[in-house]
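Here is a short report on how one chain packs. Look at the sequence and the model first, then read on.

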Amino acid sequence: MSSHLYLDTPIGKLLIVGDEAITRVTFVGEAGDAAKPTALLEEAARQLDAYFHGELRTFDLPLAPAGSAFEQAVWRHLLTIPYGRTTTYGEIATALGRGHAAARAVGAANARNPIVIIIPCHRVIGRGGKLVGYGGGLWRKRWLLQHEGALLL
């Protein structure tokens, strides 16, 4: 297994995984075995902590999520969504040249995003502003969007 680190956040514990680049950030219920974190993982934890304290809006970390070519294209597009903004699955499908009909495929790729928060899948909402589809739970998606000022519920 790659090096890993656990980070407590206001919305639950995160597992951060990677060696030369971050390969996974995911919500976990419990921390596993402690390991000596690498400098990269410590930097990722520092940046995530700064994000949660409202001190960081853009992450600067090497990322290497594993996925299909289409998933990679979707995840690269997610990285272009500015802090505090949202877009829809259909808008991403159109931007990728797939047409609005590929919105479900974008949703599936979004659901398989292995690097939550840093690759901001939480910034993708349903048509008409509906909060849909977040693997970490819609309460976390709502929290993240409110934290970024993109949602005033």
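Arg104 and Ala111 are exposed on one side of α4. Exposed means over 50% relative accessible area, buried under 20%, and partly exposed in between (1.4 Å probe, protein chains only). The model is predicted: local features need pLDDT of at least 70, side-chain atom pairs count only at pLDDT 80 or more, and totals for chains, interfaces and linings use all residues. Residues are numbered from 1 along each chain as its sequence is written, and side-chain values use heavy atoms, with hydrogens and water left out.

Ala103, Val106, Ala109 and Asn110 are the buried residues of α4. Seen down the axis of α4, they fall within an arc of 120°, so they line one face of the helix. The arc is taken from the directions from the helix axis to the C-beta atoms. Helices (H or I, at least four residues) and strands (E, at least two) are DSSP runs, numbered from the N terminus. The cover over the buried residues of α4 includes α2, α3 and β5 (124–125).

The axes of α2 and α4 come within 9 Å and cross at roughly 80°. That makes α2 roughly perpendicular to α4, a label for angles of 65 to 115 degrees. Axes are lines fitted to C-alpha atoms, for helices over the stretch in contact, with angles from 0 to 180 degrees between N-to-C directions. On α2, the contact uses Phe70, Glu71, Val74, Trp75 and Leu78; on α4, Ala105, Val106, Ala109 and Asn110. Contact means heavy atoms within 4.5 Å.

What is the largest nonpolar core built from? It has 41 residues, and those with the most contacts inside it are Ile16, Ile22, Val25, Leu48, Leu78 and Ile117. Such a core is a set of buried Ala, Val, Leu, Ile, Met, Phe, Trp, Tyr and Cys residues joined through side-chain atoms within 4.5 Å. α1 gives the most, with eight residues. Beyond four places in sequence, Ile16 touches residues including Leu5, Leu7, Ile22, Val25, Leu41 and Leu48.

Leu15 sits in strand β2. Beyond four places in sequence, its contacts include His4, Tyr6, Arg24 and Val28. Arg142 lies in helix α5 (residues 138–147). The table sets out accessibility and one C-alpha separation for each.

| Residue | Relative accessibility | C-alpha separation |
|---|---|---|
| Leu15 | 6%, buried | Thr26, 5.4 Å |
| Arg142 | 33%, partly exposed | Ala93, 23 Å |

Terms used. Parallel < 35°, antiparallel > 145°, perpendicular 65-115°, else oblique.
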